[in-house]
Amino acid sequence: MKSRPEQTVAERLRVIPVRQKYLPVTATAVLLALMYGLGVINYPGFSDTQIVLNVFIDNAFLLVVAVGMTFVILTGGIDLSVGSVVALTTMVVALLLENGWPAAVVLPVALLMGATIGFLMGLMIHYFDVQPFIATLAGMFLARGLCYVISTDSISIDNPFWVSVANAQLWFGGFFITISVLIALAVVLIAAYVLAYTTFGRDVYAVGGNPQSAMLMGLRVGRTRIAVYTISGLCSALGGVVLSFYMLSGYGLHASGMELDAIAAVVIGGTLLTGGSGYLFGTVLGVLVLGLIQTIITFQGDLSSWWTKIFIGLFLFVFIVLQRAVTRRRR
């Protein structure tokens, strides 16, 4: 019969790993709450519910892209092509709509294009043993270059369906959101279910935790890696569609640097860069942190937009150090 102190110690030893597991995402939630609290204290009107909803509206496309990036980083990879694929999608959508293609055809064509680019990068990474950084860097240059093959100028979108979706507002209780927000939330819910409750989701975590062990366990590591880059390409294309709703134009300079914003959102959301640990909920919080930084700078009024990058860099430093600390303590 164990004494009560021994039982207490054992219980604590079982609880510590669980607490460490949720520490990064908890830190993100605390940071978000502190930022919102400071905004409410310092700026009149900041507590308006529509301000929070506007953060979702203005960053719906980034949230969709960050979902795909979460899958990639969970496997220990990286995808630098997402911003360029978003821009290419806006160009393809704008060009096809300008040439009279129906929206019902343009949408699946755009999504198929993004998924194909991701699939090809996944094949390169797995079968040719190319580092993800190099393979996706090639994809980044390819997609951005194709934008300027299509046109060096911005192409406006005046398709009636696209304009109606872009301008649609869903009102409730005196507040509104856009259809883009619903798309982003649907993507998050589907992705969260896949990661938490499917065999593929467990494979993603296993490959990111230890690819060699996953292979010895009989998991299809290659198929999983190819699949996550295909998902990332698909999410990038969908993010490009959402951005085309937001901008009503296609342009080769759209989404410049978005790949870095997506990576930052995923890391700040608590997903380990080495893979194997992270949650979609954390990615949502990471996107909200980035959006709230932009909102606070807008309310401040006398700060350059470049301060957004400065604060994101500082938060990245903090969360990377936090990740290293948690990883070492687990070991």
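## Confidence of the prediction

The average pLDDT over the chain is 90, and 93% of the residues score at least 70. Residues 1-16 are one stretch to read with care: pLDDT stays under 50 there. For these residues the model has two contacts beyond four places in sequence.

## Packing of helices H7 and H11

Two packed helices are described by the angle between their axes and the distance between the axes. Helix H7 covers residues 160-167 and helix H11 covers residues 221-247. Their axes come within 8 Å and cross at roughly 85 degrees. Angles of 65 to 115 degrees count as roughly perpendicular, and H7 and H11 are therefore roughly perpendicular to each other.

Which residues of H7 and H11 make the contact? On the side of H7 they are Trp 162, Val 165 and Ala 166; on the side of H11 they are Val 241, Ser 244 and Phe 245. Sorted by class, this contact has five nonpolar residues, one polar residue and no charged residues.

## The cysteines

How many disulfides are there? The count comes to zero. A disulfide requires a pair of cysteine sulfur atoms within 2.5 Å. The sulfur of Cys 147 has its closest cysteine sulfur in Cys 235, 18 Å away, which is too far for a bond. Cys 235 is likewise in no disulfide, and the nearest cysteine sulfur to its own is that of Cys 147. Cys 147 is buried, with a relative accessible area of 0%. Cys 235 is buried as well, with a relative accessible area of 8%.

Asp 129 and Ala 255 each have a positive phi, although neither residue is a glycine. For Asp 129 the angle is near 55 degrees, and for Ala 255 it is about 65 degrees. Asp 129 lies in the loop between helix H5 (103-127) and helix H6 (132-150). Ala 255 is found in the loop between strand E4 (249-250) and helix H12 (258-268).

Are these two residues buried or exposed? Asp 129 has a relative accessible area of 65% and is exposed. Ala 255, at 13% relative accessibility, counts as buried because the cut-off for a buried residue is under 20%.

## Residues within helices

Thr 136 lies in helix H6 and is buried, with a relative accessible area of 0%. Leaving aside its neighbours within four places in sequence, Thr 136 is in contact with Ile 78, Asp 79, Leu 80, Ser 81, Met 121 and Tyr 229.

Gly 208 lies in helix H9, which covers residues 199-209. At 8% relative accessibility, Gly 208 counts as buried. With neighbours within four places in sequence left aside, the contacts of Gly 208 are with Leu 74, Thr 75, Gly 76, Thr 274, Gly 275 and Gly 276.

Helix H14, residues 307-330, contains Trp 307, and Phe 311 also has its place in H14. Trp 307 is partly exposed, with a relative accessible area of 36%. Phe 311 is partly exposed too, with a relative accessible area of 30%. Beyond its neighbours within four places in sequence, Phe 311 is in contact with Ile 293 and Ile 297.

## Separation in sequence and in space

Distances run from C-alpha to C-alpha.

| Residue pair | Separation in sequence | Distance in space, C-alpha to C-alpha |
|---|---|---|
| Trp 307 and Ile 293 | 14 residues | 8.8 Å |
| Phe 311 and Leu 290 | 21 residues | 8.9 Å |
| Thr 136 and Leu 23 | 113 residues | 30 Å |
| Gly 208 and Val 93 | 115 residues | 34 Å |

Key: Residues numbered from 1 in each chain as written. Predicted model: local features only at pLDDT ≥ 70, side-chain atom pairs only at ≥ 80, totals over all residues. Heavy atoms only, no water. pLDDT = per-residue confidence, 0-100. Contact = heavy atoms within 4.5 Å. Axes fitted to C-alpha atoms, helices over the stretch in contact; angles between N-to-C directions. Helix = DSSP H or I, 4+ residues; strand = E, 2+ residues; numbered from the N terminus. Parallel < 35°, antiparallel > 145°, perpendicular 65-115°, else oblique. Nonpolar A, V, L, I, M, F, W, Y, C, P; charged D, E, K, R; others polar. Buried < 20%, exposed > 50% of the residue type's maximum accessible area, 1.4 Å probe, protein only.
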